[in-house]
Amino acid sequence: MSARPFASPVERLGRGALRVLVGAGFLFLLAPIVAVIPLSFNGGDFLSYPLRGVSLQWYARVFEPFPWMTGLANSLTVASATTVLATVVGTLAAYGLATSDFRGRGLVMGLMISPMLVPLVITGLAIYLAFARYGLVHTFVGLILAHTILALPFVVVTVTATLQGFDRNMMRAASSLGASPLTAFRTVTMPLIAPGILSGAVFAFVTSFDEVVVALFLAGPGQFTLPRHMFTALRDKLDPSIVALATLLILVSILLLIVVELLRWRSERLRRGRP
Amino acid sequence: MISADQQPDLRRKLRRSKSRARLRGLLLVAPALLLLMVAFVAPIGGMLFNAVANPEFRSAMPRLADYVREWDGQELPGEEGYRLLAEEIGRAYSDKTLPGAAMRLNYEQSGLRSLFMRAGRRADRLEAPYRRSFLELDKDWGSISVWQAMQAASAPFTARYLLQAVDREITWDGEIRLVEPEKRVFVDRFEATFWISFVVTSLCALIGYPMAYAIAAAPPRRARLMLVLLLLPFWTSLLVRTAAWVVLLQRDGIINDALIWIGVVDQPVQLIFNRLGVYIAMTHILLPFMALPLYSVMKGISPNHMRAAASLGAGPISAFWTVYFPQTVPGLGAGCLLVYVLAIGFYITPALVGGSGDQMISYLIANFALGTANWSVASALAIVLLCCVAIFYPFFRRYVGIDRLRLG
């Protein structure tokens with residue numbers, strides 16, 4: 001979009017306006033995330049500029065056992081179990097949906113993605129009422145099952161997208177060479193769609209790690225996750241340690257974003273047949 | 001070459017292999033389907049049941065419930081009815097099921113809870129003639145509306161919670177009417193929910209459209225970087241982003257400092273715990289959901305179209321409106337649908353950055369469930385909200401589809 005010498009004044013004006021608009025948009029998106037980072041090193045007790053000296057006191061607070069470290073431990077427990085369950089079940093389902101054509105396939109697909117669209121409060125309330133009957137409320141098992149439901153659509157969508165670019169003739173070639181369907185999946189399909197499965201897993205992890213509404217319904221004090229503690233902290237009193245925690249979580253999300261970008265890059269290379 | 005007598009055999013083989021593939025597909029989908037059925041579909045069905053179930057009165061006083069079901073509702077029951085009432089109240093009081101039933105009756109008519117609990121406490125003093133005995137206890141026992149309330153509470157199902165969720169009530173003779181003005185709280189919240197979602201969707205479209213265009217038009221390397229920057233907030237925890245806005249928008253936050261420094265205002269302005277805060281924070285959270293589908297559509301539009309329009313004499317503005325914009329409508333529609341549907345269900349962000357007048361319907365549902373443990377009203381509100389989302393579902397599958405849900 002280099003400025004062309006023969007561009008009319010209207011065009012130049014439009015282009016300038018577009019630049020300003022887009023710049024403002026990115027500023028709006030990124031400024032809040034960037035602006036909290038310096039505050040986390042604040043020496044004073046208030047969450048405002050100018051900073052009163054530099055200190056790591058709030059980070060020290062984050063690493064105290066309660067609430068943040070116990071919350072982190074609970075979050076990691078729930079998110080890792082959710083990731084394993086949702087990735088395995090979701091990948092199988094996506095593979096089944098992509099490779100065969102049974103009646104009601106569209107309906108099943110619609111059902112699979114619906115937890116993404118149903119408001120979280122509804123899912124939380126419904127699961128709470130159902131799980132209360134089986135004593136699953138205020139247990140890790142209940143929370144993990146509920147989070148798996150929420151994470152499943154992300155795995156199915158991501159793996160399905162990968163499978164759409166997958167050349168099924170490779171499977172046919174494998175079976176014509178005598179491989180059983182399982183062997184063909186393990187040695188041909190799996191390596192090719194692995195990046196998609198892994199990014200689905202990252203999505204599942206983040207979905208659970210970030211989730212607070214269903215946790216409000218299903219987690220008892222023994223299962224309070226990190227976001228659940230953050231919700232209480234934000235609602236009741238703005239404790240500066242939350243900004244230090246936020247900074248650390250921003251670093252984690254940057255890391256995860258890089259992982260997903262690398263996986264996508266790898267997946268695209270594999271698809272173009274240059275492993 | 002396949003000879004004629006081999007053909008049916010081959011056909012059968014093909015059919016068998018196809019049906020085997022179909023079966024394999026079903027088996028692969030089965031675990032996910034089972035999980036969804038047990039932990040998602042069945043619970044939502046249960047919640048629907050919960051919204052219309054009416055068990056409290058019947059489970060506490062089953063014989064009385066049968067009796068009032070038979071009662072014609074025209075005039076006060078005779079001595080037999082009052083005798084049954086005395087027996088059932090006494091038994092329900094001693095096995096501690098009376099409070100639930102009394103609470104349920106109180107929804108029908110306020111004051112009935114204390115009337116029934118008082119009778120329960122003194123049940124051993126009630127004796128024949130029962131009707132007079134009840135009237136001596138409280139003259140309200142002679143009112144026909146008490147019996148009508150019992151009749152309404154004795155049906156296996158009730159529409160009262162669903163009606164209550166839309167500020168309606170059903171009178172005893174079957175007329176549906178608005179509740180008293182001071183009790184009309186839910187329709188107001190539904191309207192606020194739709195309005196906030198609409199404003200947020202519009203803001204997302206206004207900000208997201210030029211951004212998506214700029215990314216689609218940028219050279220690949222820069223486009224990649226811009227996409228990553230667009231996705232970063234998306235990958236950042238919702239609570240982190242909400243916390244960031246609370247910090248920035250507070251009275252002595254950066255935004256107020258900046259506004260005062262520029263000289264726009266000379267006093268800090270209230271930017272948070274009001275509607276403005278909700279719009280800002282929600283737009284920030286939902287913007288990537290608008291920009292990504294727009295970008296994926298714009299990426300596929302050839303720049304030659306605009307060049308052709310320009311060479312044919314169209315000015316930049318008319319070329320944009322007549323050639324470019326119509327091609328982006330599917331992306332815009334998908335983005336708007338996605339943002340609107342997600343916005344309708346927002347709870348955490350308005351709860352943390354809004355005032356009491358800016359809460360959305362999800363907040364009420366959570367409050368009824370977790371605050372006052374009124375599961376019936378919470379379930380009824382959830383059903384109404386679910387219907388509001390379900391309206392969009394067919395459009396969703398048609399215009400958004402599973403591909404554009406791919407985020408990141």
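The report below treats a predicted model, beginning with the contact between the chains and ending with local backbone features.

## The interface between chain A and chain B

In this predicted model, the contact draws on 87 residues from chain A and 87 residues from chain B. The area buried between the two chains is about 8000 Å², and carbon and sulfur atoms give 83% of that area. Within chain A, the residues that lose the most area to chain B are A:Phe28, A:Leu29 and A:Leu117, which together account for 9% of what that side buries.

Polar pairing across this interface can also be listed: five residue pairs, both at pLDDT 80 or more, are in polar contact between chain A and chain B. On the side of chain A that touches chain B, helix α1 (residues 9-39) of chain A gives the most, with 15 residues, and the residues of that side divide into 69 nonpolar, twelve polar and six charged.

## Salt bridges

Side chains of opposite charge can pair when their charged atoms come close. Over all chains the structure holds 19 salt bridges, and the count between chain A and chain B is one. That salt bridge is formed by the side chains of A:Glu261 and B:Arg224, with an N to O distance of 2.5 Å. The pair crosses between chains, running from B:Arg224 in helix α11 (residues 220-235) of chain B to A:Glu261 in helix α11 (residues 241-271) of chain A.

## A kinked helix in chain B

Helix α16 (residues 316-344) of chain B spans only 37 Å between its end C-alpha atoms, whereas a straight helix of 29 residues would span 42 Å at 1.5 Å a residue. In α16(B) a kink of about 50° lies at B:Phe325, shortly before the proline B:Pro326.

## Cis peptide bonds and a positive phi

In chain A, a cis peptide bond with omega of about 0° joins A:Phe66 and A:Pro67, and A:Pro67 has its place in helix α3 (residues 65-99) of chain A. In chain B, the peptide bond from B:Ala128 to B:Pro129 is cis, with omega near -5°, and the place of B:Pro129 is in the loop between α6 (112-121) and α7 (130-137) of chain B.

A further backbone feature concerns B:Lys96, a residue other than glycine whose phi has a positive value, near 65°. B:Lys96 is found in the loop between α4 (79-94) and α5 (98-108) of chain B.

Definitions and conventions. Residues are numbered from 1 along each chain as its sequence is written. Chains are lettered from A and ligands numbered from 1 in the order in which they are written. This is a predicted model: local features need pLDDT of at least 70, side-chain atom pairs count only at pLDDT 80 or more; totals for chains, interfaces and linings use all residues. Side-chain values use heavy atoms; hydrogens and water are left out. Contact means heavy atoms within 4.5 Å. Buried area is the accessible area (1.4 Å probe) that two parts lose on being put together, summed over both. A salt bridge is a side-chain nitrogen of Lys or Arg within 4 Å of a carboxyl oxygen of Asp or Glu. A polar contact is a pair of N or O atoms within 3.5 Å; within protein, one must be able to donate a hydrogen and the other to accept it, and residues adjacent in sequence count only if both atoms are side-chain atoms. Helices (H or I, at least four residues) and strands (E, at least two) are DSSP runs, numbered from the N terminus. Ala, Val, Leu, Ile, Met, Phe, Trp, Tyr, Cys and Pro count as nonpolar, Asp, Glu, Lys and Arg as charged, and the others, Gly among them, as polar. The expected span of a helix is 1.5 Å times one less than its number of residues. The bend at a residue is the angle between axes fitted to the seven residues ending there and the seven starting there.
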